[in-house]
Amino acid sequence: MNEKPVMTEKYLGLYKDNIDKISGRSSPFINTFRADAFDKFSKLGIPSKKNEGYKYTNLSTFFDHDYESYFMPVQADFLKAEKFRCEVTDLDAHGIVLLNGFYPTLKEKLVQLPSGIWIGSLNEAAIRFPEIFEKHFGKYAKSETDGLIHLNTAMASDGVFVYVPEGVTLTRPVQVVNLVQSDYDMFNQHRNLIIAEKNSNFSIIICDHTLSPQKFLTNAVTEVFVGENAHFDIIRVQNEHNNACKITNTFIHQERNSVTSSNNITLHGGLIRNSTYHILAGEGAESYSYGLFLADKWQHVDNFVNVDHVVPNCTSNQLFKGVLDDMSTGAFNGRILVRPGAQGTLAYQKNNNIILTDDAKMDTKPQLEIFADDVKCSHGATIGQIDEDALFYIQSRGINKREARLMLMFGFAHEVIQNIKIEPLRDRMDNLVMQRLKGELSRCASCMVKCG
Amino acid sequence: MEKDQDKIISDVTTTEYKYGFYSDIEMDRIPKGLSEEVVRLISAKKNEPEWLLEFRLKSYHHWLTMKMPTWPNLKIAPINYQDIIFYAAPKERKNTGNIDDIDPELKKTFDKLGIPLQEQKHLAGVAVDAVIDSVSIKTTFKETLAEMGIIFCSFSDAVKEYPDLVKRYMGSVVPYTDNFFATLNSAVFSDGSFCYIPKGVRCPMELSTYFRINSANTGQFERTLLIADEEAYVSYLEGCTAPSRDENQLHAAIVEIVAEKNAEVKYSTVQNWYPGDKDGKGGVYNFVTKRGMCKGENSKISWTQIETGSAITWKYPSCILRGDNSTGEFYSVAVTNNHQQADTGTKMIHIGKNTKSTIVSKGISAGRGQNSYRGLVKVLKNATNARNYSQCDSLLLGDKCGAHTFPYLEVDNSTAIVEHEATTSKIGEDQIFYCNQRGISTEDAIGLIVNGYAREVINKLPMEFAVEAQKLLQISLEGSVG
């Protein structure tokens, strides 16, 4: 990785040309991370296929393209964002809209909800709550191999900040809608920080949408701190057009007896890469990681999961599923790491994939790395088709083949969806998946772009 | 029970490597180091034809451009290739092939190892090719086999007597550019076994090669080529030991198998190189490239390995399933104790239609041993109805050891069914308690459980080896529950 490809040079140049502009607008504390992150990025570069974590994902189709970078939010854009309304009308949530990676409000940049929760702009939070902010920001998003995380730290300047104080239970989820919209091909980055203090309980929904047909590249990093006994769920719904590339890196740090779940539902998107890092740093912590993707045309979806059992007596569970149609490609990379001394670990992982056509391709790489002996760890991975016997069984009960196939595929996908605890969202997802499987979802939901 | 376990663990860690003796044999060694001259010298010593020398030189020059790979999950001390003797052979007496002409010291060595150089009655079912350091000493039952048209001889003899066959197949499965150690082997390989089973012949006895490293500072680089022509069947065994020494010795071998239409090859290994002492000092580096090609329709290659020795094992016996309906199998038990490390697994490349592969890998880690399974199942676009099933289990004995699984599944065909599952756990206290309760001592209980655990693989071994393998497991692990 010594010779730096042209691709990396481009982003290095981007940093050098714009760092003053970016720093000028960001809080001083966020700026203290930039130089070091830039150093690391220039060493690691944009991950190539030689990088073990990106073995099956070719980023060059999206990274090797000339984008305008979005560094400065414009007021006119904010007005557009204000107009956006989520289609899931019965979903009762605290909504936030993020436009091109910025928190675009003309009013207050950081608001307090009645229960004492703070939601708002990351940059604003760094200035208003330095103590809390400095305790967590940049502490969990670490990587020795993935340059994109450092690229984000070096250049991202805004995103969502959520702070849930001790003991607060939020019955309404927080919904973050990430919109990308522009008149030109655009590269943008954002950074989120979510802090759930001791004994708190809440969920966050992150929806990714594209509002215009241009080529987009988004590189996001989310850091989550989950305190003792806290419960936290993150649900990500990705519904972007085929010309959009979305890279998300989520780091969930868990303290003692906390329970978290992460759920990535990918319905549409040109190139999607979801990296989820679960760090089980307190005894008795439980983490659940789910993922589902439905890919067709030339789409590529890559789910990367890393569960790190640092301390004894933690439980983790992963379930990832994929359906591949047309010429789509998919990748799964799941790793369970049990560190020395992490006795009493229970870790499970399951990855099932269905390939529908001969042109689709699936690569999966489940891994176990275990350095303690009193553990129960297992993983299973399959790549195959719909069970012919099951198909026959349903047909023999008078249901036609097309319908039977749909039922089986829906059941396959539902195993992931059923883990969404928010009912209206779960129903909506079931609905969307059904439409998607029927091929009726040719237009992304709540998207104004027709993507062929 | 706690006390019992401690005692058993200490028993296990102090079990001596019983093949660690050294025989004082008059040896013919070339100077240390590797250079073009050394490659030429090895070739000259063996009176090789020009084409083989060219092959060696081509490999050597390619090797110079390569770097040792760093991707495996292993800690390897740097290897100084200029500090290794690349060729060492027992001084030749008269080469008549007669048993009486073999150095009595040599004969004694093999007797001590339990390998009969004489065609003894009670082991009449096995034909042995004995290789010490760089050369093959004796091949038994050569004549009996020749009657059926089976060629079983040392690689050097094959080069002289059957150059056409060697030329045709050598490097066809593992090309000289394949990987760092395969290329090194292609440049300096000394001897090995060659076997050809003609059309329609079912080999009546087990063929076997026994490898012994004896000299100090030498590397062992042998090459085995196994060809099963149409409708042929052969079962082949391989065993190996080395003296206990403080320095690490390098063993970089190549095994190539070609199975033509309807042929079946069964290749079994019981690997018991010197594993180093309990502090991880010394031991053999076992870096081997093994690959089989199912060339014709309905052909089958089956690998079975019991890996108990070596300080570091790094090998992936693989199958290229090119013929339609061909089958590849891989059964492995890998044991790491003390400071041993193993990074082993297989590659199954499905190219032909209706190809099937099965992988069963059982890792056992004890002491500070690190055991990794690394495997690839690749289904190419045209491999319609390909089927794979993989199962990788790891058993952990002791809290300092590690077990890792790195499977790669790459599927490019919608009719393929690929399944992989892996589990990692230790021997359950309740399992041991259950045995104790029925009057079985903790030690026996663990032996029972480990043997049951490895049984699926051991059952695949030919009878003669299964017994040895079972004993080996017992020695290496009996009772070391953590």
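In this predicted model, 30 residues of chain A are in contact with 32 residues of chain B. On the side of chain A that touches chain B, strand E19 (361-370) and strand E20 (375-384) of chain A each supply at least two residues. Divided by class, that side of chain A has 13 nonpolar, 9 polar and 8 charged residues. One of the residues involved is A:Thr382, whose bridge partner in E24(B) is B:Glu419.

Chain B contains 11 helices and 24 strands, and 55% of its 482 residues count as buried. Helix H8 (residues 180-188) of chain B is mostly covered, with 8 of its 9 residues buried; among the buried residues of H8(B) are B:Phe181, B:Leu184, B:Asn185 and B:Val188. The cover over the buried residues of H8(B) includes both helices and strands of chain B, namely helix H2 (36-45), helix H3 (50-64), strand E8 (223-228), strand E11 (254-259) and strand E13 (283-294).

| Helix pair | Angle between axes | Distance between axes | Hand of crossing |
|---|---|---|---|
| H9(A) and H10(A) | about 125° | 9 Å | right-handed |
| H9(B) and H10(B) | roughly 125° | within 9 Å | right-handed |
| H10(A) and H11(A) | roughly 145° | within 10 Å | right-handed |

In chain A, helix H9 (residues 388-396) and helix H10 (residues 401-417) pack at an angle of about 125°, and H9(A) and H10(A) are therefore oblique to each other. Their contact is made by A:Ala390, A:Leu391, A:Ile394 and A:Gln395 of H9(A) together with A:Lys401, A:Ala404, A:Arg405, A:Met407 and A:Leu408 of H10(A). The residues of this contact between H9(A) and H10(A) divide into 6 nonpolar, 1 polar and 2 charged.

In chain B, the axes of helix H9 (residues 429-437) and helix H10 (residues 442-458) cross at roughly 125°, which makes H9(B) oblique to H10(B). Here B:Gln431, B:Ile432, B:Cys435 and B:Asn436 in H9(B) meet B:Thr442, B:Ala445, B:Ile446, B:Leu448 and B:Ile449 in H10(B). By class, the contact of H9(B) with H10(B) has 6 nonpolar, 3 polar and no charged residues.

Returning to chain A, H10(A) passes H11(A) in a right-handed crossing, with the axes of H10(A) and H11(A) crossing at roughly 145°. From H10(A), the residues A:Leu406, A:Met409, A:Phe410, A:Ala413, A:His414 and A:Ile417 meet A:Arg426, A:Met429, A:Asp430, A:Val433, A:Met434, A:Leu437 and A:Lys438 in H11(A). The contact of H10(A) with H11(A) has 9 nonpolar, 1 polar and 3 charged residues.

A:Arg426, which takes part in that contact, lies in helix H11 (residues 423-438) of chain A. Because A:Arg426 has 17 C-beta neighbours inside 10 Å, A:Arg426 counts as partly exposed. Leaving aside residues up to four places away in sequence, A:Arg426 touches A:Ile417 and A:Ile420. A:Arg426 and A:Phe161 are 265 residues apart in sequence, and their C-alpha atoms are 25 Å apart in space.

Finally, two loop residues of chain B deserve a note on backbone geometry. Most residues other than glycine have a negative phi. For B:Ser310, however, phi is near 70°, a positive value, and B:Ser310 is placed in the loop between strand E14 (300-307) and strand E15 (312-315) of chain B. B:Ser310 is buried, because 30 other C-beta atoms lie within 10 Å. For B:Asn338, phi is near 50°, again a positive value, and B:Asn338 is found in the loop between strand E17 (327-336) and strand E18 (341-344) of chain B. With 21 other C-beta atoms within 10 Å, B:Asn338 is buried, given that the cut-off for a buried residue is 20 or more.

Terms used. Residues are numbered from 1 along each chain as its sequence is written. Chains are lettered from A and ligands numbered from 1 in the order in which they are written. This is a predicted model: local features need pLDDT of at least 70, side-chain atom pairs count only at pLDDT 80 or more; totals for chains, interfaces and linings use all residues. Axes are lines fitted to C-alpha atoms, for helices over the stretch in contact, and angles run from 0 to 180 degrees between N-to-C directions. Helices (H or I, at least four residues) and strands (E, at least two) are DSSP runs, numbered from the N terminus. Angles under 35 degrees count as roughly parallel, over 145 as roughly antiparallel, 65 to 115 as roughly perpendicular and the rest as oblique. A crossing is left-handed if the near helix is turned anticlockwise from the far one by less than a right angle, and right-handed if clockwise. Two residues are in contact if their C-beta atoms, placed from the backbone, lie within 7 Å. Ala, Val, Leu, Ile, Met, Phe, Trp, Tyr, Cys and Pro count as nonpolar, Asp, Glu, Lys and Arg as charged, and the others, Gly among them, as polar. Two strands pair if DSSP finds at least two bridges between them. A residue is buried if 20 or more other C-beta atoms lie within 10 Å of its own, exposed if 12 or fewer, and partly exposed in between; C-beta atoms are placed from the backbone.
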